[in-house]
Amino acid sequence: MDKTIRTLADAVSKITDGATVMIGGFGGSGAPIELIHALIDNGPKNLTVINNNAGNGRIGIAAMIDAGMIAKMICSFPRSSDPRAFTDTYLAGKIELELVPQGTLAERIRAGGAGIPAFYTPTGYGTELAEGKPVAEFDGRHYVQERWLKADFAIVKAHLGDTHGNLTYRKAGRNFNPLMCMAATTTIAQVSQIVEPGDIDPEHVITPGIFVDAVVEVSNPQQEEELIRAGVAYAGGMSA
């Protein structure tokens, strides 16, 4: 039952070429920067990445794009305060984009975790995003059919985790992370502190350990916005 992993490198070692990877976070809140950078060091290619945005600055997902690791982004906001990495790569025809409204993105991930293959939403009806998708009318209103999203791996950031994989989150860091844990075949979580089973009040557990496969401790996690303000550019070899 002990799901602790000693190093970040070991935690992401099974993510290989062609995998679909969900990455938690809403901007920098809840973004597993250390796991992302360890994944860059590991170097898998041709990945499909599912995230709220398409990277910012020269760290995290943006650094993955710069490293040529991502073949396709599924996200809501490909633009950010510094979208250079995605924009340049997309305009060069080297990365594919599937644009998904934010609420629809969250629901598609939730549906994947709940085993619901499709659902209907009015969001996007009559727009280019609905082209080619089934449409149905309910109570006089048109709805677009959206399919679930699932992934081979999810890498997420939590606050506390016990050795069985039960997780809590800090404030807005909760965002997409719990949904992604449920929608992935294998979930890897970085936590600020690993505690013993029973040390987390069961009433405070947000993600039960049954949805988590590996937990690695990062006691002083970096914050995306602080790294961007400092002008950090991740080029690999800095994770532990």
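How much space lies in the second largest cavity?

Good morning. The model before us is predicted, so to speak of local features we require pLDDT of at least 70, while side-chain atom pairs count only at pLDDT 80 or more, and totals for chains, interfaces and linings use all residues. Residues are numbered from 1 along each chain as its sequence is written, and side-chain values use heavy atoms, with hydrogens and water left out.

I begin with the overall form. The protein has 7 helices and 10 strands, taken as DSSP runs numbered from the N terminus (helices H or I, at least four residues; strands E, at least two). Its radius of gyration, 18 Å, is close to the 18 Å that the globule rule gives for 240 residues, so the protein is as compact as a globular protein of that length. That radius is taken over C-alpha atoms, and the rule is 2.2 Å times the number of residues to the power 0.38. Along its principal axes, the C-alpha trace spans about 55 × 45 × 30 Å.

I turn now to empty space. Rolling a probe the size of a water molecule over the atoms shows where such space is left. On a 1 Å grid over the protein atoms alone, a cavity is a set of points where a 1.4 Å probe fits but cannot get out; a pocket is an open set with protein on both sides within 12 Å along at least five of seven lines; and lining residues have an atom within 4 Å of a point. Grid points are joined across faces, edges and corners, and a volume is the space filled by probe spheres set on the points.

The largest pocket holds about 250 Å³ of space. It is lined by 14 residues, with G30, K157, R170, G173 and Q223 the closest to its centre. Strand β8 (residues 151-162) supplies the largest share of this lining, 3 residues.

There are 2 cavities of 30 Å³ or more. In the largest cavity lies about 80 Å³ of space. Its lining comprises 15 residues, and nearest its centre are G27, N51, N53, I61 and E224. Helix α3 (residues 60-66) gives the largest share of that lining, 3 residues.

Finally, I return to the opening question: about 40 Å³ of space lies in the second largest cavity. Among the residues that line it are P101, Y125, K133 and E146.
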